[in-house]
Amino acid sequence: MGRFLYCFSVVLASIIPSCFTAFNETIPAVIWHGMGDSCCNPFSMGSIKRMLEQKIPGIYVRSLMIGDSIIEDMENGYFMNANDQVKQVCDKVASDPKLKNGYNALGFSQGGQFFRAVAQRCPTPPMLNLISFGGQHQGVYGLPHCPGENYTLCNYIRKLLNMGAYESWLQDHLAQAEYWHDPLNEKLYREKSVFLADINQEKKMNPEYKTNLMKLKNFVMVMFGKDTMVDPKETEWFGFYKPGQAKVKYTLQESPLYQEDKLGLQQMDKDKKLHFLTAMGDHLQFTDEFFDKEILPFLK
């Protein structure tokens, strides 16, 4: 009997720690910055990374660098083709052993729609929850104010977009042109957009985009109620201008994307996987209380 108890205790001792380890494991988080920012800016993504590490002890947080340096990372946010950026991130995520069992994605501004492209195109390793902070999922029709610190560069970008966002050389080399959505010329947008029209299934249907996106446990969209940077701000919830004008807007539920269920969003909505949140600040401005109450539950 004594020998049995000893053996049982040895087995139990070997099982319990592993059980507790599995129970206490945190889900890794990957964050992707927006236009004019970089992976490691201490006042933006660096601050987000530290906040996550403080709020979820033991979590692995990877802040994506697009390129080989912080300078390259910032420049690539403007001048690297969005499809190439997405491919680079797919490769980075797939080669990171700490992400092999899945991860939560937090995309900020254009990082929101870029991360959605990762979910649709690269399902391995699995993206578990996608949280989009001010992502422009139906594109933009204007950049009223400049993000980041480089106002000169941003103003140059705006001039290029106004010159002709659908010129082939801009579509190939300017990230913002690739999610420029002109409601006054929807036909040209669908024909020339090399990124947004593709991931929104407006060129040709890719069944994998729908299948892969529906694998998400939750798709959280944060719209900023006082956003002065994104036009229209409703794009952060998949809303946009109705075709042929730039005043009256439609909601996601009113859009062909939803009604024809091209991405599975209608079914995800029915399954309560879609979450529409409002942060009452300007672009990417939210409080610690908002994050704790609305975002943190999806990360634990």
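Helices and strands in these legends are DSSP runs, numbered from the N terminus, and every view is drawn from a predicted model.

**View 1. A cis peptide bond between Thr124 and Pro125 in the predicted model.** The peptide bond that joins Thr124 and Pro125 is cis, with an omega of about -5°. Pro125 belongs to the loop that leads from helix H5, residues 110-121, to strand E4, residues 127-133. As background to this view, most peptide bonds are trans.

**View 2. The loop between strands E5 and E6, with Pro232 and Phe238.** A cis peptide bond runs from Asp231 to Pro232, and its omega is near 0°. Pro232 lies in the loop between strand E5, which spans 218-224, and strand E6, which spans 240-241. Phe238 is also found in the loop between E5 and E6, and although Phe238 is not a glycine, its phi is positive, at about 70°. Because its relative accessibility is 0%, Phe238 counts as buried, the cut-off for that class being under 20%.

**View 3. Ser109, a residue with positive phi between strand E3 and helix H5.** Most residues other than glycine have a negative phi. Ser109, which is not a glycine, has a positive phi near 55°, and its place is in the loop between strand E3, residues 103-108, and H5. With a relative accessibility of 9%, Ser109 counts as buried.

**View 4. The open sheet of six strands, with parallel pairing.** The strands follow the order E2-E1-E3-E4-E5-E8. Strand E2, residues 61-63, and strand E8, residues 274-279, stand at the edges with a single partner strand each, so that one side of each is left without a neighbour in the sheet. From one strand to the next, the twist averages 15°. Within this sheet, strand E1, residues 29-32, pairs with E3 in the parallel sense over four bridges, and Ile31 has Leu106 in E3 as its bridge partner.

**View 5. Helices H5 and H13 lying across strands of the sheet.** Helix H5 lies across E1, E3, E4 and E5, and its direction makes an angle of about 145° with that of E3.

Terms used:
Residues are numbered from 1 along each chain as its sequence is written. This is a predicted model: local features need pLDDT of at least 70, side-chain atom pairs count only at pLDDT 80 or more; totals for chains, interfaces and linings use all residues. Side-chain values use heavy atoms; hydrogens and water are left out. Helices (H or I, at least four residues) and strands (E, at least two) are DSSP runs, numbered from the N terminus. Buried means under 20% relative accessible area, exposed over 50%, partly exposed in between (1.4 Å probe, protein chains only). Two strands pair if DSSP finds at least two bridges between them. Axes are lines fitted to C-alpha atoms, for helices over the stretch in contact, and angles run from 0 to 180 degrees between N-to-C directions. Contact means heavy atoms within 4.5 Å.
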